[in-house]
Amino acid sequence: MIPFSKTQNQKNDLSNIKKALSLGKIEGGGHFSSKVNFQMESLGFRNSLLTTSCTTALEMSAILLDLKPGDEVIMPSYTFVSTANAFLLRGCIPVFVDVCKNDLNIDPNLVENAITSKTKAIAVVHYGGVSCDMNKISNLAKKYKLHVIEDAAQCIGAFFNNKPLGSIGTFGALSFHNTKNISSGEGGALIINNSKFVKRANIIHEKGTNRHDFKMGKVSKYVWKDIGSSYILSDLSCAVLESQLSNLTKITNARLKIWNQYNSFCTNHSKHNNFFNLQTIPSYASHNGHLYYLLFRSKLLAKKFNTTMNSFGVQTASHYVGLHSSYYGKKNSRHQGAMKNTNKASNCLIRLPIWEGLDTSYVIDAMSKSLKKL
């Protein structure tokens, strides 16, 4: 069985872990935390805080914006629950809009109709490491004086017009979960692109204290200053993350090679059989090969393809169920307009395996056989 995803160990992972253990400081703020912070800056993220997950980074963004119960945050429905939960925890109302047919990113042409006097922010999700149209989103945000939060969970090594995803909105949130291109097992980062939020972000990051200033020698004792939580990534996790980030170019290139091999086969096949549609990469987007999907014409075709691929020893996977259609989403959110593309993706999308070291020849052969069966 070829697995859908696989832990992508790098050659320095173990040696870094051993070094972190030998240094004896495995909580946050140690040797490898400093090295990763330097790496993040070199990647174009000027102010970043390493967090336990992308989820907690999003939660921090909601706190920093002082969002209150009843405030509304516009976002796509086709996303992971963390995008909505981060704001629900502050009592906000997620307002879902549909995604674009060609790339499954939030449709900027639908956002304006969803804006009300209660709207405080737009949370965009760069699906599969492919950028949203950030010019249109940023212009809307400026027009209505809204903040933009980039859920860039899948986006390390991906760009919008040469700007790293996560570096454009007021805040960006990255993930280093084991399913992502770069992994520390669990982990994430909050990217702070407006300097006025940096000081408070450091306090929230340090459980609501000014411990950051204490460590910098600015105060003699640290005290409770604000709300916060245990958001800091351990140095042990950073040891793995440092090794992984050191190999970012190699990993990204390997995934893009697989993506292009899939795309070459599927583009050629779709000319002869109208079973599925393919993702379109906009001219402004430089993606990172995070995922490759087929959007089938019907739910039945998607299910049959998934079953047949598994029978040939290749594990494929569907993806999100639109949050607007879930039990909890119906209770705690609203959606604007029809959700045609979200519903289609929820029912008809199948993702292919993509990980460094994967030999695509067997997967493509299995695809060829499976599509013939369809």
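Residues are called buried under 20% relative accessible area, exposed over 50%, and partly exposed in between (1.4 Å probe, protein chains only). The model is predicted, with local features requiring pLDDT of at least 70 and side-chain atom pairs pLDDT 80 or more, while totals for chains, interfaces and linings use all residues. Numbering starts from 1 along each chain as its sequence is written, and side-chain values use heavy atoms, without hydrogens and water.

By this rule Arg334 is partly exposed, at 27% relative accessibility. Glu72 is buried, at 6%. Their side chains form a salt bridge (3.1 Å, N to O), defined as a side-chain nitrogen of Lys or Arg within 4 Å of a carboxyl oxygen of Asp or Glu. Arg334 belongs to strand S13 and Glu72 to strand S2, so the pair ties together parts 262 residues apart in sequence. Strands are DSSP runs of E, at least two residues, and helices runs of H or I, at least four, numbered from the N terminus.

The count of salt bridges is 11. Another joins Glu206 and Arg211 (3.5 Å, N to O). Glu206 is buried, at 5%, whereas Arg211 is partly exposed, at 30%.

The largest nonpolar core has 43 residues. Such a core is a set of buried Ala, Val, Leu, Ile, Met, Phe, Trp, Tyr and Cys residues joined through side-chain atoms within 4.5 Å. Met40, Val111 and Leu174 have the most contacts inside this core. A second, separate core of 38 residues includes Trp259, Leu278, Phe296 and Phe305.
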